[in-house]
Amino acid sequence: MNSSRYELGALAAVGLMLVAAAFIFLFAPTDALQGPVQRIFYLHVSSAIAAYGCFAVVLLGGVVYLWKDNLAADRLARSAALVGVVFTTVTLVMGMLWAKPIWGTFWTWDARLTSTLVLWIIYAGYLMVRRLAEPGRQAARFAAVVGIFGFIDVPVVHFSVTWWRTQHPGPVVINDALPAQMLIAFLITMACTLFLAAVMIAIRYRIELLTEQAAERAMPAPIVAPTEVGGA
Amino acid sequence: MVYLVTAYAFAIAVLGGYLVWSLLRLRELTRKR
């Protein structure tokens with residue numbers, strides 16, 4: 001697949017995000033209690049779900065790599081981890097900017113916020129391992145283990161609002177607490193964000209593959225001793 | 001309102017910036033190939 005296919009995918013993703021923006025700012029009604037700032041909700045939650053999806057791909061890639069010793073699975077896990085960290089960053093910062101006018105503070109050490117920060121640290125650590133360790137099977141195996149165990153934090157983040165008393169609100173989507181227009185805007189934003197995440201992973205996967213191939217080409221050819229003709 | 005604008009400006013900068021950077025890197029690697 002040439003790079004123009006990826007550019008086309010990226011263009012489609014940008015177009016879909018603009019559609020999502022139209023639903024967020026033009027279609028969804030303004031929240032009676034919080035006012036316009038509540039519109040942060042749509043991309044904040046969608047980014048969190050996209051990050052969960054990315055980390056699920058890291059988990060899957062890690063399991064397949066350890067099981068089948070499949071380099072493509074390891075490459076996929078690496079790509080998804082980076083995109084997952086990008087979406088977790090967006091989730092955290094948008095959440096902080098929403099918290100300030102509503103809670104009066106950017107940050108509070110409640111279970112949801114803390115576990116999300118831990119999630120970011122785990123996968124940032126995963127990426128650091130990949131960057132600093134000598135590339136090879138050992139680093140890939142270690143990273144796969146980190147990716148698999150790191151995923152334990154995803155259900156902790158998700159259920160933190162029901163397991164503990166938190167300042168962060170509980171689930172509104174599955175509890176049917178959203179009016180129909182808000183729900184439609186949210187579902188469209190979520191679908192568009194998931195598509196964007198998938199495109200980002202595909203592009204990153206291609207970058208990783210081409211980087212590996214370039215590194216292989218740059219490696220000096222092994223010196224092979226000439227075979228003796230008609231030896232003893 | 002300022003928090004809403006800042007939040008979306010940040011998201012556009014991070015997601016858009018990452019996407020553009022990825023495409024540029026991909027184009028560079030494809031050209032080198």
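**Figure 1. Chain A as a whole.** Buried residues account for 38% of the 232 residues in chain A. The model shown is predicted. Chain A holds seven helices and zero strands. Its pattern along the sequence reads α-α-α-α-α-α-α. The radius of gyration of chain A is 22 Å, whereas a compact globule of 232 residues would come near 17 Å. Along the principal axes, the C-alpha trace of chain A spans about 95 × 40 × 25 Å. Among contacts in chain A with a separation of 6 or more, 76% join residues 24 or more positions apart.

**Figure 2. Chain B as a whole.** Chain B consists, in secondary structure, of one helix and zero strands. Its C-alpha atoms fill a box of roughly 45 × 5 × 5 Å along the principal axes. Of its 33 residues, 15% count as buried.

**Figure 3. The contact between chain A and chain B.** Chain B contributes 20 residues to this contact, and chain A contributes 28 residues. The side of chain B that touches chain A has 13 nonpolar, three polar and four charged residues.

**Figure 4. Helix 3 of chain A against helix 1 of chain B.** The two helix axes come within 9 Å and cross at roughly 170°. An angle over 145 degrees counts as roughly antiparallel, so helix 3 of chain A and helix 1 of chain B are roughly antiparallel to each other. By class, their contact has 14 nonpolar, two polar and one charged residues. On the chain A side, helix 3 brings A:Val86, A:Thr89, A:Val90, A:Val93, A:Met94, A:Leu97, A:Trp98, A:Lys100 and A:Pro101. Helix 1 of chain B meets them with B:Tyr3, B:Thr6, B:Ala7, B:Phe10, B:Ala11, B:Val14, B:Leu15 and B:Tyr18.

Figure 5. B:Ala7 lies in helix 1 of chain B, which covers residues 2-32. The residue is buried, because 23 other C-beta atoms lie within 10 Å and 20 or more are enough to count as buried. Beyond its neighbours within four places in sequence, B:Ala7 is in contact with A:Ile40, A:Met94, A:Leu97 and A:Trp98. Of these, A:Met94, A:Leu97 and A:Trp98 belong to helix 3 of chain A.

**Figure 6. The largest nonpolar core.** This core has 64 residues. A:Cys54, A:Ala77, A:Ala80 and A:Val83 touch the most other members. Several elements give two or more residues to the core. From chain A they are helix 1 (3-27), helix 2 (40-68), helix 3 (71-103), helix 4 (111-132), helix 5 (137-150), helix 6 (153-163) and helix 7 (180-218). In soluble globular proteins, nonpolar side chains tend to be buried together.

**Figure 7. Close-up of A:Val83.** A:Val83 is among the core residues that touch the most other members. Leaving aside neighbours within four places in sequence, A:Val83 is in contact with A:Cys54, A:Ala197, A:Met200, A:Ile201 and A:Arg204. One of these partners, A:Cys54, is also among the core residues with the most such contacts.

**Figure 8. Helix 4 and helix 5 of chain A.** The axes of these helices come within 10 Å and cross at roughly 175°. Helix 4 and helix 5 of chain A are therefore roughly antiparallel to each other. Their contact has eight nonpolar, three polar and one charged residues. Helix 4 supplies A:Ile122, A:Tyr123, A:Gly125, A:Tyr126, A:Val129 and A:Arg130. Helix 5 supplies A:Ala139, A:Phe142, A:Ala143, A:Val146, A:Gly147 and A:Gly150.

**Figure 9. Close-up of A:Tyr65.** A:Tyr65 lies in helix 2 of chain A. A:Tyr65 is buried, with 25 other C-beta atoms within 10 Å. Not counting residues up to four places away in sequence, A:Tyr65 touches A:Asn70, A:Ala73, A:Asp74, A:Ala77, A:Ala140 and A:Ala144. A:Tyr65 and A:Ala140 are 75 residues apart in sequence, yet their C-alpha atoms are 8.2 Å apart in space.

**Figure 10. Close-up of A:Asp69.** A:Asp69 sits in the loop between helix 2 and helix 3 of chain A. Its phi is near 55°, a positive value in a residue other than glycine. A:Asp69 counts as exposed, because it has 12 C-beta neighbours inside 10 Å and the exposed class takes residues with 12 or fewer.

Notes: Residues numbered from 1 in each chain as written. Chains lettered and ligands numbered in written order. Predicted model: local features only at pLDDT ≥ 70, side-chain atom pairs only at ≥ 80, totals over all residues. Helix = DSSP H or I, 4+ residues; strand = E, 2+ residues; numbered from the N terminus. Contact = placed C-beta atoms within 7 Å. Rg over C-alpha atoms; globule rule 2.2 N^0.38 Å. Nonpolar A, V, L, I, M, F, W, Y, C, P; charged D, E, K, R; others polar. Core = buried A, V, L, I, M, F, W, Y, C linked by C-beta atoms within 7 Å. Axes fitted to C-alpha atoms, helices over the stretch in contact; angles between N-to-C directions. Parallel < 35°, antiparallel > 145°, perpendicular 65-115°, else oblique.
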